[in-house]
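Trainee: I am new to this one. Can we look at it together, step by step?

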Amino acid sequence: MTPILSVRDLSIDYRTRRGPVHAVRDVSFDIEKGETVAIIGESGSGKTTLAVSFIRLSPRSARITKGQILYTNDRETVDIQTLPDDELRQYRWSECAMVFQAALNSFNPVINIWEQFADTARAHGMKDSAKIHARAQELLDLVHLDPDRILKAYPHELSGGMKQRVLIALSLLLEPQLIILDEPTTALDILTQRSIIDLLGQLRKKLGFSLIFISHDLSIAAELADRMITMYAGTIVERASVTDLFYRPRHPYSVGLLRAVPRVSGAMGSVASIPGSPPDLIRLPSGCTYVPRCPLAIAACAEREPDLVPVDTPNHEARCIRWKTVAEQVGTAEVAVAEKIATA
Ligand SMILES: Nc1ncnc2c1ncn2[C@@H]1O[C@H](COP(=O)(O)OP(=O)(O)OP(=O)(O)O)[C@@H](O)[C@H]1O
Ligand SMILES: [Mg+2]
């Protein structure tokens, strides 16, 4: 089956006064129909830069220096970069919808929720108010909100969790096949996060869309995803099923992220973070970008950036020449964390 989204060798730079920022480097991956893929990685690893390029909404200073983004629906395959503007408008929302990072604050404060739905619908050629109203009611019902009350409400009258539900409902307005959620739960408390994740799981089952879920929180991402992609310094360093990534991580950075997951039962302060900071994306080192922070680095690691190679199984890949040593060392600590997350 042709994947719904196929990203091939994609590189994206930002122009800055200091020189180009290499924010995304040689990223390739596919998303199958109905699949959920989580993209994880620390702040600045390139997750948002990558995702907004899928709907061609990158800032002006961004430039795709290499690669392709192909989208396939029931009828055809289109190249997102060369899509004519009118088709691009159609593609956004009705094929692929994105809920942006920090979108909770992006509501227009002076219009009520009904008008937010109506504006979005009209911008996409839906003219019949009665139909839009019926659709808005149906969608709000689907995200477990009381439509009559919510449609009359203004953004400031809603809690963070309610706003996120409204945004999810809005993203579904034109029945897209692919939904991108950029950190949809970050601003929410832990219980609200959980209810949003549950909701997304239900919607996905009911509506069958494909989902790209961006998060820096491994445990949240794992609850929803089929597969995970770990990004570091603009590139994919590991790609695996959720189970493989949690129980058999093969890149030291994934191991670091796993160890950084807060231990629920631990004392305050037991939340680890990975020591050190990511490299300067303008002056990248010649070897593996993780070397300065990597506990397993040897001289050869600094010579050239490793390729993304299959480890253990063909569907599990890591960009690390030391992956066998990682495999030997990944032991009970990670498994304990993985189990805690799995049973949380
Ligand atoms: N408009 C811009 N101009 C220059 N550099 C930028 C711009 N936007 C992002 N960057 C840089 O590109 C890199 C990737 O940023 P991006 O926002 O994609 O990361 P992210 O993984 O989404 O991070 P976060 O988890 O904080 O959202 C960072 O180093 C960032 O500083
Ligand atoms: Mg981001």
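Trainee: Which residue is the bridge partner of Leu5 in β2?

Mentor: Begin with the ground rules. This is a predicted model, in which local features need pLDDT of at least 70, side-chain atom pairs count only at pLDDT 80 or more, and totals for chains, interfaces and linings use all residues. Residues are numbered from 1 along each chain as its sequence is written, while chains are lettered from A and ligands numbered from 1 in the order in which they are written. In β2, Leu5 has as its bridge partner Ile31.

Trainee: How many bridges join β1 to β2?

Mentor: Strands here are DSSP runs of E, at least two residues, and helices are runs of H or I, at least four residues, numbered from the N terminus. Two strands pair if DSSP finds at least two bridges between them. β1 and β2 form a hairpin with six residues between them, and Gly19 in the turn has a positive phi of about 130 degrees. The two strands run antiparallel, and the bridges joining them number seven.

Trainee: Which residues of helix α3 are buried?

Mentor: A residue is buried if 20 or more other C-beta atoms lie within 10 Å of its own, exposed if 12 or fewer, and partly exposed in between; C-beta atoms are placed from the backbone. Helix α3 spans residues 113-123, and its buried residues are Ile113, Phe117 and Ala121.

Trainee: Why do they line one face of the helix?

Mentor: An α-helix has 3.6 residues a turn, so residues three or four places apart point the same way. The arc is that of the directions from the helix axis to the C-beta atoms. Seen down the axis of α3, the buried residues line one face because they fall within an arc of 70 degrees.

Trainee: What do the buried residues of α3 pack against?

Mentor: The face turned away from the buried side carries the exposed residues Arg122 and Ala123. Contact means C-beta atoms, placed from the backbone, within 7 Å. The buried residues of α3 pack against α4 (129-142), α5 (147-152) and α6 (160-171).

Trainee: Is His144 buried, exposed or partly exposed?

Mentor: His144 is found in the loop between α4 and α5. Its phi is positive, about 60 degrees, although His144 is not a glycine. Most residues other than glycine have a negative phi. His144 has 13 other C-beta atoms within 10 Å, so it counts as partly exposed.

Trainee: Which element gives the largest share of the shell around ligand 1?

Mentor: A residue is near a molecule if its C-beta atom, placed from the backbone, lies within 6 Å of it. Ligand 1 is surrounded by 17 residues, and the closest are Tyr14, Ser43, Lys47, Thr48 and Thr49. Two or more residues come from each of β2 (21-31) and α1 (47-53). The largest share, three residues, comes from α1.

Trainee: Which element gives the most to the side of domain 1 that touches domain 2?

Mentor: An automatic or database domain assignment sets the bounds, with domain 1 at 5-225 and domain 2 at 232-343. The contact takes 21 residues from domain 1 and 16 residues from domain 2. β2 and α8 (218-224) each supply at least two residues on the domain 1 side. Giving the most, with eight residues, is β2.

Methods: Contact = placed C-beta atoms within 7 Å.
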